Every structure is written in C-alpha cells, then in structure tokens.
Amino acid sequence: MAEATCEVTICNKLGLHARPAMAFVDVASKFSSAIQVVKGKETVDGKSIMQMLLLAATQGTQLTLRADGDDAAEALNALTALVRRKFDEE
Amino acid sequence: MGVSPGVAIASGFVLETEEYRIPRRTITPDEVPTELKRLDHALAESQDELEKLRTDAVDQLGAETASIFDFHLGVLRDRSLIEQIHRTIADKCYTAEYSVTTVLRGHARAFLQMSNSVLPERARDIYDLEKRLLRHLLGERRETIEHLTEDVCVLAHDLTPSQTALLARSRVRGFATDVGGRTSHTAIVARALSIPAVVGVSDISRDVASGDTVIIDGNRGVVIINPDDLTREEYNRHIREYQELEHELEELASLPAVTRDGVQITLMGNIEFPHEVASVMEKGGDGIGLYRTEFLYLGSETEPTEAEHLTAYTEAIQAAGGKPIVFRTLDLGADKWSQARRSEPERNPFLGLRSIRFCLQHLPLFRTQLRAILRASVKGDVRVMLPLITSTLELRQAKIIIGDVMEDLEEEHIPFNRDVKIGIMIETPSAALTAATLGKEVDFFSIGTNDLVQYTLAVDRTNERVAPLFTPAHPAVVKLIKDILKAGRRQGIGVSLCGEMAGDPEYTILLLGLGLRTFSMTPPRIPQIKRVIRAVSLEKAAKISRRVMTFDSDRQILNYLREETRRIAPKAL
C-alpha cells in the first residue's frame with residue numbers, strides 16, 4: 001500500500017465543468033487506489049462525477065490530489081498529466 | 001365530486017405519474033432489501049436504456065451531440081452517489097423513489113446555486129435522470145396493480161383510459177383522483193364497473209400514503225384518510241344500508257319498464273367489455289345500446305387483429321342471448337387517445353382527427369373492424385353504429401366502405417348479414433340540425449349527449465375549471481334533443497339516447513315527454529331509471545316537457561325537473 005499526494009492547478013479556460021470532470025473520473029476509475037481531491041477545506045471522491053462537479057473548480061483553482069493504494073503513484077501521474085493537457089479540450 | 005355512487009373502505013394504493021411529487025414514505029426495516037433491489041434494478045435498466053440511446057444518437061446526430069448521454073451514464077456509475085441513495089433507503093427507511101428524488105434533487109439544487117455559468121445547466125440533466133429512474137421504479141409498480149393480493153382504493157392524479165381498463169380486472173374497490181369531472185372517461189368507467197369514485201380532490205394522490213386506510217364515499221363525494229373507529233363504524237353501517245338499497249333495486253330488475261299508462265320503454269346497457277353483457281342482463285336490460293369498442297385498442301400495445309375483434313364480439317353476442325347489440329365503430333377521441341399512438345399532438349384535439357374521421361383516413365384499420373362486426377352479424381342481433389358523423393358526405397363515405405367490405409366477404413364466401421342495420425350517433429350540433437336529412441340514409445339514431453353537450457355549449461367536460469358549465473339541462477341541448485326525436489319519428493326510424501343523461505333519473509321524465517322510447521345507460525343505473533318510468537305516465541311526462549321548453553335557463557330546468565321527479569318517484573333521486 002502506498003500513499004501519494006501532489007498539487008495541480010486547473011488551467012483550462014472553462015474550469016472543471018462536466019466534460020473535464022468526466023474525463024478526470026474516467027481516468028481515476030481505471031486505478032484501484034482511492035482518489036481524493038482537495039480544494040481548500042473540501043475533500044471529495046475523485047471517482048464521483050457529482051462530487052467533482054460540486055467542487056466548482058474554475059480556471060486557476062489549486063487542487064491537491066491524494067491517492068491511496070497499490071497504484072497510487074501511477075494514478076497521480078496519469079491525473080496530473082490530464083489536468084496539464086487541459087483535459088485535451090483546448 | 002362524487003362521480004360513481006357507493007362506499008368503499010380499503011387500504012390506499014397510490015398510483016404515481018412521473019410528473020408529480022413523490023410522497024415522503026417510509027418503509028419497515030425488513031423491506032429495506034427489497035427497496036435496495038428495486039433501486040439497483042432501476043439503475044441497471046436506466047443504464048441499458050441510456051447506452052442504447054447513445055448508440056442511436058451517435059449514428060443519427062453525431063458523437064458530439066451523443067456525448068450528453070455520457071454525463072447521464074457517468075452519474076449512474078457514480079459509486080458515491082449510489083451509496084448515498086442506498087444509505088437514504090437503509091438508514092432513513094425511505095422508499096427507493098423518495099430516496100432517488102431527495103438525493104438527486106439535492107444535487108440539482110446545488111448546481112443551480114453555483115455562480116459558474118455552465119454548471120447550472122447540468123441541473124436539467126439531473127432532473128432528466130431523476131425522471132428516468134422514477135419511471136423505471138414506478139413502471140415496475142404500475143404493473144403490480146394487476147397482481148394485487150388485497151382489496152385497495154386507488155388514488156391517482158389522473159387515470160389514463162388504459163390504466164382505468166386495468167382497474168376492471170383487478171381488486172380495486174374504489175378510486176379518487178386529483179382532477180376530472182362527472183363525465184370524464186374515468187368517471188364513466190367507474191360507473192360502468194359499479195366502483196365508487198370521487199374526482200377533483202386536489203392533492204389527494206399526494207396526501208395519502210400507500211397502506212393508509214381510505215374511505216371513498218362516492219355518494220357524498222368525500223374521501224377520508226385513516227378514519228377513527230367511530231367514522232369507520234358509521235361507514236360500515238352505511239355500506240350495509242347501501243347494500244339493502246341495491247337489493248331493493250335488484251327486485252326491480254324482473255319487473256317490466258312500463259309507464260303508468262302502459263307504454264313499454266326499452267332500457268339497454270352501455271358496455272366496454274364483453275363480460276359486462278351479463279350485468280346488463282342481470283339488471284333487466286333489453287340489450288346493449290352501446291358497445292364501446294375502443295378498449296380493444298387501448299388495452300394492448302398493438303392494433304387488434306380481425307380475429308381478436310371477432311372473439312370479443314362473439315363473446316358479447318353469446319352473452320346477450322339474441323338481444324340486440326349496437327357496435328359503435330372505433331371512436332378514439334382526444335380524451336381517450338393512448339399516448340403511444342398519438343403521432344402528432346393536435347392543438348385542438350376535440351375538433352381534430354378523431355373517431356370516424358380517423359377511421360376514414362386509416363382504412364385498413366377501419367376495414368379490419370368492419371369485417372369483424374359483419375362476420376359477427378350472423379351470430380345474433382348485431383347493429384353497426386358510426387360515431388361523430390357531421391355530414392351526409394361522411395356518412396356516405398363510411399357506407400361505401402361497409403359495402404366494399406361486404407363485397408369482399410361475399411367473394412371469400414364468408415357469411416354475414418347483408419341487411420345489418422346501420423345507424424349513426426347524433427353528437428354534434430351539425431348532425432342534430434340536419435337529422436331530417438341524415439335520417440333518410442340510416443336505420444337508426446343514437447343521441448350521444450356527452451359530446452352533443454360539449455360541442456353545443458363549447459365546454460370541455462374534462463377541464464375542471466369549466467366543467468360546471470357542462471349540463472344537458474341547457475335549453476339549447478333540450479331543444480336539439482327534441483328536434484332529433486322529431487326527425488326520427490318523421491322518418492320512422494328508431495332513436496335511442498346513450499349519453500350520461502340516459503342514466504340520470506333527473507332527466508328521465510323530460511326525455512319520455514320529448515318522445516324518447518329507448519334509453520341506453522351504464523348497467524347499474526337501469527333499475528333506478530326503471531323506477532321513474534314505472535311511476536310516471538306519458539301524458540304527465542309530455543306536460544312536464546312542454547313546461548321545460550318554456551324555461552330559459554339550465555338552473556330553472558334542472559330545479560323544476562328535480563322537484564317533479566321527487567314528487568313522482570321520491571326514491572329515485
């Protein structure tokens with residue numbers, strides 16, 4: 001078991017709206033690790049589309065990604081890459 | 001408003017529709033596993049449905065548009081969300097429906113409150129998904145009404161004709177709806193089935209929880225939820241008294257429908273299902289004055305085949321034992337249209353493509369039914385009646401098709417009665433005003449007062465806000481009926497009346513006085529009408545009807561008729 005944490009900044013223009021959030025959840029769900037996303041005091045399940053949307057993360061929002069499980073490191077690599085690629089949107 | 005007499009005491013059964021609020025209802029802890037299973041089932045069904053929708057959308061609309069379903073599917077895969085619904089069921093003991101509604105609406109509200117410009121739109125998707133899930137949850141429940149194990153009182157916002165048709169075969173003892181009027185289709189069916197019914201009780205479907213004890217008092221138009229012991233006892237006594245009255249009326253069944261001055265009046269029954277013929281005969285009816293064939297179309301998802309028509313008709317004819325049966329051809333009207341069949345919504349369905357107009361534009365469907373009626377015509381006293389005729393042209397067109405079908409049968413050596421009597425419903429002002437002309441080309445008339453009143457007074461009988469304006473006592477309606485009867489007499493053809501008015505004892509004396517000799521009504525009303533007929537002479541009735549013709553308002557007419565009826569046949573009202 002491993003735990004990993006990293007920081008990302010939402011850099012696409014529209015922020016974490018439905019489609020990027022779906023993409024995030026899809027990638028997160030490929031891994032067996034539990035994924036948590038933290039924004040300020042809020043912590044949500046990174047595999048839940050509803051909770052990810054309720055974060056209402058706009059462009060420039062700082063998020064902490066936390067993974068807990070056997071593939072924690074791989075999960076975080078894949079997720080940070082997705083965020084940096086602006087969810088392949090722009 | 002009570003629309004079908006009688007009293008029923010049974011446990012409530014709330015029939016919900018997707019548009020209406022789901023009541024907050026709790027379940028017992030041992031029901032939790034069942035509710036969880038129902039939820040999972042609805043989730044799986046919704047997922048299958050959405051995947052199919054997305055596949056179709058990709059083909060037809062392109063991947064971009066189809067991606068809207070991805071979000072719906074994404075939400076269905078959201079484990080946290082589903083766990084939240086599970087917990088609402090298991091911890092708070094709410095029904096699956098209510099749990100789905102609270103959890104999803106909570107999220108939708110949160111989306112709506114966000115200042116972000118794109119997220120509030122997602123709320124619409126959540127509502128959409130909620131509806132889909134509820135449809136699967138309720139759809140499942142809707143079917144169970146056919147498999148009830150105990151007697152129930154059904155409570156609903158409104159009942160569609162096909163739902164009402166289901167009630168006929170189940171253990172429904174009474175029903176109440178939020179909307180509807182005296183002549184709405186559901187009210188008619190309730191009376192036909194002798195089930196007490198109350199309509200127009202705002203919010204009744206929301207206020208009652210399934211399982212509550214419900215009293216439906218169709219006589220007073222009252223619904224009582226969870227009555228105390230005293231009320232319950234009072235109603236039990238009431239039920240016993242009512243049964244005694246019924247018993248008294250049953251004795252009337254064997255007595256002839258003869259006026260005091262010895263004139264025989266024909267009393268017939270209106271029916272929807274072949275098995276109702278028996279109840280008409282039990283009540284002392286002289287035949288079936290109106291066999292509504294729509295239920296063959298509404299009861300199933302597919303159009304009935306000729307063989308299906310013939311089976312139903314044969315059953316009815318055999319039960320009638322040689323007495324006449326008037327088969328009205330398909331009269332699917334705006335208020336009876338099943339959702340699935342409606343191709344294009346009409347702005348004004350009552351003035352739209354309905355009834356004979358629909359048949360004349362859908363000849364294969366019309367011919368199938370005509371073939372079956374004609375084939376049945378050798379099995380008993382069968383008559384054909386065409387609804388909603390408004391002109392001679394329409395009548396001639398329909399008769400040409402009947403002639404055509406006869407020729408086909410002849411060529412195929414299938415026996416039928418070539419002299420089968422063909423009549424029409426007089427239910428539009430145009431037909432009433434030209435009855436003298438129409439009468440030359442038909443064997444009989446039947447006055448359909450429900451539509452005649454609606455079209456003459458321009459009142460939608462199912463719209464509760466104007467329903468009080470709907471009355472056969474309006475001087476214009478009375479005058480039209482008088483003229484139709486006169487036209488029939490001059491032409492020497494039979495005229496019957498098969499609207500609600502025929503079964504309302506308040507109008508019996510007036511109709512006799514105007515010259516009506518054949519009444520056709522919902523079977524339970526036959527004894528009551530017979531009681532009035534046996535108490536009055538035609539001479540007296542004629543005098544009363546002449547007096548009625550001098551009045552200028554429906555109020556005046558109705559009050560006068562009530563007063564006279566009370567004097568002549570005190571027990572009838």
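This is a predicted model: local features need pLDDT of at least 70, side-chain atom pairs count only at pLDDT 80 or more; totals for chains, interfaces and linings use all residues.
View 1. H107(B) is found in helix 5 of chain B; helices (H or I, at least four residues) and strands (E, at least two) are DSSP runs numbered from the N terminus. H107(B) has a relative accessible area of 11% and is therefore buried (under 20% relative accessible area, 1.4 Å probe, protein chains only). Other buried residues of helix 5 include Y98(B), L104(B) and F111(B).

**View 2. The aromatic cluster of Y291(B), Y313(B) and F327(B).** Rings of Phe, Tyr and Trp (its six-membered ring) pair if their centres lie within 6.5 Å; planes under 30 degrees apart are stacked, over 60 edge-to-face, the rest tilted. Over all chains there are five aromatic pairs. Y291(B) and Y313(B) are edge-to-face, 5.8 Å centre to centre with 85° between the planes. Y291(B) is in strand 9 and Y313(B) in helix 13, 22 residues apart. Y313(B) and F327(B) form a tilted pair, at 4.7 Å and 55°. F327(B) lies in strand 10, so this pair ties together parts 14 residues apart in sequence. Relative accessibility is 1% for Y291(B), 0% for Y313(B) and 0% for F327(B).

**Notes.** Residues are numbered from 1 along each chain, and chains are lettered from A in the order written. Local features need pLDDT of at least 70, side-chain atom pairs 80 or more, and side-chain values use heavy atoms, without hydrogens and water.

Methods. Buried means under 20% relative accessible area, exposed over 50%, partly exposed in between (1.4 Å probe, protein chains only).
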